[in-house]
There are 2 protein chains.
Amino acid sequence: MPHLRFDETVSGWVIFSPSRSRRPHSRSFADPVADTTEHNHCPFCPGNEKLTPPEIYAERPNGRGWQVRVIPNKFPALRIEEDRQRVVDGFGNQWMGGCGAHEVLIESPEHSVFLPYQPIDQIERVLRTAQSRYNDLMRDQRFQTVIVFKNHGVSAGTSLAHPHWQLIATPVVPRLLRLKHFEAAEYFDRTGRCLYCVIAKRELDAQERMVTANKEFVAFCPYAAHVPFETWILPRKHQSSFGQAEPDKLAALASLLKDVLLRLTAGLDNPDYNLTIDTAPRGDEEKSYFLWHLRILPRLSEPAGFEMGSGMSINTVLPEESAKFLREVDLPA
Amino acid sequence: MPHLRFDETVSGWVIFSPSRSRRPHSRSFADPVADTTEHNHCPFCPGNEKLTPPEIYAERPNGRGWQVRVIPNKFPALRIEEDRQRVVDGFGNQWMGGCGAHEVLIESPEHSVFLPYQPIDQIERVLRTAQSRYNDLMRDQRFQTVIVFKNHGVSAGTSLAHPHWQLIATPVVPRLLRLKHFEAAEYFDRTGRCLYCVIAKRELDAQERMVTANKEFVAFCPYAAHVPFETWILPRKHQSSFGQAEPDKLAALASLLKDVLLRLTAGLDNPDYNLTIDTAPRGDEEKSYFLWHLRILPRLSEPAGFEMGSGMSINTVLPEESAKFLREVDLPA
């Protein structure tokens, strides 16, 4: 059964999800990989809907087939049925029930079209669906955050090639989000300003790390990027939660996201990457100190012993170089 | 030039080391990989010493060739020649000079013998050399920590196959170590006890996560392991710094490390892994709240978007299962 255990040494929870692994031998301990490049065996392709758990949501505009489809993850990290009782065992170790949710958002019926090659209105549909699922999951008062993310490519953790996003609702605020909120709150207490709004303004002023921008969003490689080509997309106007973004804002984001991912995909020969949406946890949606944003983290190099031991990244490419390279990519017409 | 930049959003430093990458195109942004499986081109093999920067240290017992050899890393993340001045630019971004050190410890003259297949006295020599380099580097008052680590296998970040360790001295206390020390200090303030000593005792009492032990050390899969088969090795007696370990303690560690790595290597078909030594930073070596220890982190699954977004791990194998599996491995006679 999924559950969480508390790691006292770093003051954070770890999710245990034994159903996600297979029998105990060698690589079979890894996440289940079932990459079916053949269309007719892909559970995310139209016609194979019976291979997935029951549909949670879909958009079927104009009576056509579905254009996006949301289903429960077949190997959920956390489950709605679990409780969230905290238990301390006889040795002082603390665990809690694996209460949460784990959904898959299938980006489009097309098996082999990567997100940036979709039309803008399809990308907008994906973002709108992600937001709608985010808001629906957050209606469950047991969930403290919903992590919205996308893995592109095997080294980024994709187990199924058909393009998709995932949402995981967690019963606690995860360690990194807590840290980011703590630092942003501390900055706000000290300066009266939102750290992320300040950063967006800095990057617009400095220009050298800018990748692209439009009326609603800016995209840049952050000053202290942890990996080569790390790119952030920030709203220009303060807004704490992704759940609050207005429809025209999501349309603007779709357009900018397409632009950024096209540059990355065309310029770097389709690199693997992770994409996450960082947003305020429950109860902080109305606070002035956190700005929701996207982080795109290409997987061109992997953390090794130094990073594991120190928690400190070594980045071999300056964000000024990364940004210049991405700015200068010749985009397909 | 290597330098560090401060990431205000997580309150931690990132190392920028542009010399470690090559020209800006595609995979060439990744760490330099020069895996020369052929003995005659390997810069770490005897006879090829001229291919490395000048030797820092070596042991040549009984007038034979070297048995361990320490050299500067040819692509250093940080360098002794850099200063550590902190500078705030006109936009409020903070950076500092890339002052530090980056050394490579070649484990043995043998290109193709993995650490657990070395005799115990050779493993002891490796640990003694690592400790001696640790203590020597810490004599430089500019360095706050020395991260001692080993990458085994390509997915763990190895760029040269010949078995080796690395040491990186940093001019600041890295984020994860600061967090671990903070949590341990807080635990000590609250309970008057060392958190790690308490954990070692808990595991000895509970038994179900124990892998192996000897007079001086215990090896177990921690209660809230972040990855499958994560294994910690802790001294039985309190000691804050790896630099303080007595010679007979290092001998006992060599024997236990061989045991643990044999189980891992034989049981899981030679998995890639990272190994790190966590130890008290400068100034905390005499404090009672931190116990130096080894962490072995097999790379059987990779962090993906959820982990990047949340900082929270999803582990698919319970540490009780991992430990049982490792305990039951049939060791070669």
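**Legends: the two-chain model**

**View 1. Relation of the copies.** A rotation of 180° with a shift of 0.0 Å along its axis brings chain A onto chain B, with an RMSD of 0.0 Å; the superposition is by least squares on the C-alpha atoms of residues with pLDDT of at least 70 in both copies. This is therefore the relation of a two-fold axis. Of the contact residues of chain A, 100% recur in chain B, the same surface serving both copies. The model is predicted: local features need pLDDT of at least 70 and side-chain atom pairs count only at pLDDT 80 or more, while totals for chains, interfaces and linings use all residues. Residues are numbered from 1 along each chain as its sequence is written, and chains are lettered from A and ligands numbered from 1 in the order in which they are written.

**View 2. The interface.** Contact (C-beta atoms, placed from the backbone, within 7 Å) joins 76 residues of chain A to 77 residues of chain B. Helix α2 (residues 175–191) of chain A supplies seven residues, the largest share of the chain A side. Helices (H or I, at least four residues) and strands (E, at least two) are DSSP runs numbered from the N terminus.

View 3. Strand β2 (residues 12–16) of chain A pairs in the parallel sense with strand β15 (residues 314–315) of chain B over two bridges; pairing requires at least two DSSP bridges between the strands. A:I15 has B:I314 as its bridge partner in β15(B).

View 4. Chain A contains six helices and 15 strands. Its C-alpha atoms fill a box of roughly 55 × 50 × 40 Å, taken along the principal axes.

Conventions: Contact = placed C-beta atoms within 7 Å.
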